[in-house]
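Please look over the sequence and the structure shown below before reading on. The report that comes after them is meant to be read with both in view.

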Amino acid sequence: MFSVNIALNSGLQRGNGINQETLPISVCISLSSLPSLQMSSLLKHHTTTTKLTTVVTLGHSSKLSLLNPPPPPPPSTLTADDFVGSCLICEENCSDQFSTPQTEDNFTMTNAHSLSSFSPLSETDVSKLILSSHPTTCPLDPIPTHLLHAISSSVIPSLTHIINSSLHSGTFPSAFKQARVSPLLKKPSLNPALLENYRPVSLLPFIAKTLERAVFNQLSMFLVQNNLLDSNQSGFKSGHSTETALLSVTEALRLARAASKSSVLILLDLSAAFDTINHQILLSTLRKMGISGTTLQWFKSYLSDRSFRVSWRGKVSKSQQLATGVPQGSVLGPLLFSIYMTSLGSVIQKHGFSYHCYADDTQLYFSFQPDDLTVVARISACLSDISSWMNDHHLQLNLTKTELLVVPANPSFHHNFSIQLGSSTITPSRTARNLGVVMDHQLSFTDHIATMTRSCRFALYNIRKIRPFLSEQATRLLVQALVLSRLDYCNALLAALPACTIKPLQLIQNAAARVVFNESKTAHVTPLLIRLHWLPVDARIKFKVLILAYKTTTGTAPTYLSSLVQSYAPSRSLRSASERRRSQCNLMRRGVT
């Protein structure tokens, strides 16, 4: 046996800021299973990786301390067992609050087709799954993932046998059911001393996630082919994003306003949605969709007898059993949550509301005549039925964090009403944060642009302070990561806005270009933008809209965007049509033709 012992200063590094840990790694590799040439290449790769990791980590820590200082550490009394206790209390509250669901012996299958067994994977399939996966390493992994990638050709046959045995027998290996939970602060501005401000993210073994990915591919293909997924759910779908979800909603609100109608947008908030999923209800939903036989047995095994340990500040808690929920950080968890939520859409549509979901963020909206007096009653009835549905499905609707935005038919009109539901009162807000975008009741996005401008200026201010110590390339990477990413996030929503509204964003981009080249604030910016190959902000917005229009016409965009694109049919034959020099579609109301 050949032993590779990696010391503390060259071990696996995880976390960031004050929570950064360096884990010792000890790997034993059999010389008989690896050719000498492959072994020398492996060791050379590891040595290079170790040096690079040290350099990158130092730079990353400096960047965090200067650009985004980490929150102060929690008090010393907050331990790993405190987080375990919080999870157990949440589980007990769910058990006490919700009644035990009744098992349906006679259920109606909503799908004529069924998925009763998984198809076995070839060694080539398993190799693609492993090599295409991001090399993240969990503390439960016996060796780092990048080492597994390096020796994958030697272990692929064994891994293929493990995966196919699990799929054939309908059993998820018990060794893969243990999770290491790492609490992450939901927002930097939250109090780090409060347990409820943390999100429990499960770190799972790499091989376990590879097995989940194999199941995910076959399950998602079955659901897509039989049209069983909610078309208004944009979370965890290829080609879908927060931007496409917001574009669908805001365009509906704009069209209603163009028709002289007022609109209501309600943003629902769920408490610990992934952690309160009831396994019996989830399995029943899977059966109704046509999951049966060995496949259903595999999911029963996957959900049962799961356990976790909390890792916090270098210490690990005792192992605890999990009776509810799906692990956050898993491959199958998001898809199973989407399946769990599919029947909510019919409850919402029954009241004449439209809706759109992104994971557990649900947006309800409907339009009405400004003099309609039944609006309050309709909203109350819809929210009441949603609350009942949530209760039946063991989910908690947080009415205190549910937001209401009223978009009037014209700027001079104001709606003054509130919604009373139980002991909670929901009143309209002037602005509301929706999937990272600040929406206002006039749909002007001035508040969103002001928020973006403020955060970008702070980032540029800090980058300029350390600019003398950075190369031009490093500065460019920092600016692209911390500034341009913000300017481009959901910028399709800003199409057709007045130039004066977009101007603050252009000023930010100009300042960013000057920082990259270390120029003064009075330097002419056009040559700098050309050297950087950066389109101006207005052109970036149009480019994003055109990309979405192209994807919609080619069928690679979400289906709900198809209503925003109209085909263009010229009244006479044009030379440009035969030469394919003219686009044959117009994007409705987005300022681009």
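Predicted model: local features only at pLDDT ≥ 70, side-chain atom pairs only at ≥ 80, totals over all residues.

| Helix | Residues | Number of residues | First to last C-alpha | Expected span |
|---|---|---|---|---|
| α5 | 152-169 | 18 residues | 25 Å | 26 Å |
| α12 | 375-392 | 18 residues | 26 Å | 26 Å |

In α5 the reach from the first C-alpha to the last is close to what is expected at 1.5 Å a residue, although the helix has a kink of about 30°, which is centred on Ser158. The residue Gly170 follows α5 and has a positive phi, near 70°.

Which residues of α5 are buried? They are Ser152, Ile156, Leu159, Thr160, Ile163, Asn164, Ser166 and Leu167, and the elements that cover them include the helices α3 (123-131), α4 (145-150), α6 (206-225) and α9 (293-303).

One of these covering helices, α6, can be followed in detail, for its axis and that of α5 come within 11 Å and cross at roughly 55°. The crossing of α5 and α6 is, moreover, right-handed. On the side of α5 the residues that take part are Leu159, Ile163, Ser166 and Leu167, and they meet Ile207, Thr210, Leu211, Ala214, Val215 and Gln218 of α6.

The other helix of the table, α12, likewise reaches a span close to the expected one, and its buried residues are Val375, Ile379, Ser380, Cys382, Leu383, Ile386, Trp389 and Met390. After α12 comes His394, whose phi is positive and lies near 60°.

Asp81 belongs to helix α2, which runs over residues 80-97, and, when its neighbours within four places in sequence are left aside, Asp81 is in contact with Ser317 and Lys318. Asp81 and Arg309 are 228 residues apart in sequence, while in space they are 9.1 Å apart, taken from C-alpha to C-alpha.

Thr501 is placed in helix α15, which covers residues 499-516. Is Thr501 buried or exposed? Its relative accessible area is 14%, and since buried means under 20%, Thr501 counts as buried. Apart from neighbours within four places in sequence, Thr501 is in contact with Ser444, Thr446 and Ile449.

Key:
Residues numbered from 1 in each chain as written. Heavy atoms only, no water. Helix = DSSP H or I, 4+ residues; strand = E, 2+ residues; numbered from the N terminus. Expected span 1.5 Å × (residues − 1). Bend = angle between axes of the 7 residues up to and from the residue. Buried < 20%, exposed > 50% of the residue type's maximum accessible area, 1.4 Å probe, protein only. Contact = heavy atoms within 4.5 Å. Axes fitted to C-alpha atoms, helices over the stretch in contact; angles between N-to-C directions. Left-handed = near helix turned anticlockwise from the far one by under 90°.
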